[in-house]
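This report describes the fold of one protein chain.

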Amino acid sequence: MITASERLGLRYYRPEDTPSIFKTYTGDLGSAKYLARQPHNDVAQTESMLKKLSNPSSLASNGTCVWVIEAIRYVAAAGLITVAKDDASMAVHFGIGIPYRGRGFAAEALALTSQHLLATGQAAGVSSFTDVDNAAAQSALVKAGFVLTGRAPSFYQAPLLGGEYRDVYRYQYSI
């Protein structure tokens with residue numbers, strides 16, 4: 001376990017996580033709405049991504065690392081946190097699987113991630129961004145202790161929203 005609270009643990013993936021992560025998050029059309037990618041086509045695509053990005057050397061080799069958000073009570077992979085190098089700081093992104101939404105897991109996982117990165121000296125600051133229309137993500141970021149710092153126009157392309165360039169709100173962890 002990388003870090004944990006009473007309810008959640010952040011860890012690298014285990015092969016048995018892959019089917020449920022695919023079914024409830026990476027392969028779900030609705031979950032990909034505000035992402036810069038299409039939903040995964042099959043479990044193998046999710047497995048390939050996790051093998052490459054969810055291991056102890058991922059951050060050093062790829063500049064990006066994915067941690068599984070484990071719901072301890074359910075002994076289940078509830079979602080993913082992505083950590084990406086951004087100069088001296090780290091950018092964090094998150095996704096929660098369908099059955100685990102609405103329970104505060106996203107905010108708690110964001111706070112755990114930010115606290116861990118700062119406490120271990122891996123980052124001088126932690127930031128995030130989300131689509132200006134993604135109210136659920138904005139709420140999770142604020143609950144986790146992030147503050148809105150600005151808006152970036154035409155920041156990314158959203159394939160499921162017609163491929164148009166989308167504006168994002170930028171956030172900075174402040175606790």
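Eight strands form an open sheet with mixed pairing, in the order 1-2-3-4-5-6-8-7. Strand 1 (3-4) and strand 7 (146-157) are the edge strands, each pairing on one side only. Strands (E, at least two residues) and helices (H or I, at least four residues) are DSSP runs numbered from the N terminus, and two strands pair if DSSP finds at least two bridges between them.

The model is predicted: local features need pLDDT of at least 70, side-chain atom pairs count only at pLDDT 80 or more, and totals for chains, interfaces and linings use all residues. Residues are numbered from 1 along each chain as its sequence is written, and side-chain values use heavy atoms, with hydrogens and water left out.

**Strand pairing**

Strand 5 (residues 89-96) pairs with strand 6 (residues 126-131) in the parallel sense over two bridges. Here Ala91 stands opposite Ser127 of strand 6. Ser127 also has a bridge partner in strand 8, namely Gln172; strand 6 and strand 8 run antiparallel and are joined by five bridges.

Strand 7 and strand 8 are likewise antiparallel, with eight bridges between them. Gly150 stands opposite Arg170 in strand 8.

**Helix packing**

Helix 1 (residues 18-26) and helix 2 (residues 43-53) have axes that come within 9 Å and cross at roughly 105°. The two helices are therefore roughly perpendicular to each other, a term for angles of 65 to 115 degrees. Axes are lines fitted to C-alpha atoms, for helices over the stretch in contact, and angles run from 0 to 180 degrees between N-to-C directions. Thr18, Pro19, Ile21, Phe22 and Thr26 of helix 1 make the contact (heavy atoms within 4.5 Å) with Val43, Thr46, Glu47, Met49 and Leu50 of helix 2.

Helix 1 also lies across strand 3 (64-71), strand 4 (76-86) and strand 5, running at about 75° to strand 4.

**The largest pocket**

The largest pocket holds about 1200 Å³ of space. Tyr25, Leu35, His93, Phe94 and Gly95 are the closest to its centre among the 42 lining residues. A pocket is an open set of points on a 1 Å grid over the protein atoms alone, where a 1.4 Å probe fits, with protein on both sides within 12 Å along at least five of seven lines; lining residues have an atom within 4 Å of a point. The volume is the space filled by probe spheres set on the points, which are joined across faces, edges and corners.

Helix 5 (residues 135-143) gives the most to this lining, with five residues.

Conventions. Angles under 35 degrees count as roughly parallel, over 145 as roughly antiparallel, 65 to 115 as roughly perpendicular and the rest as oblique.
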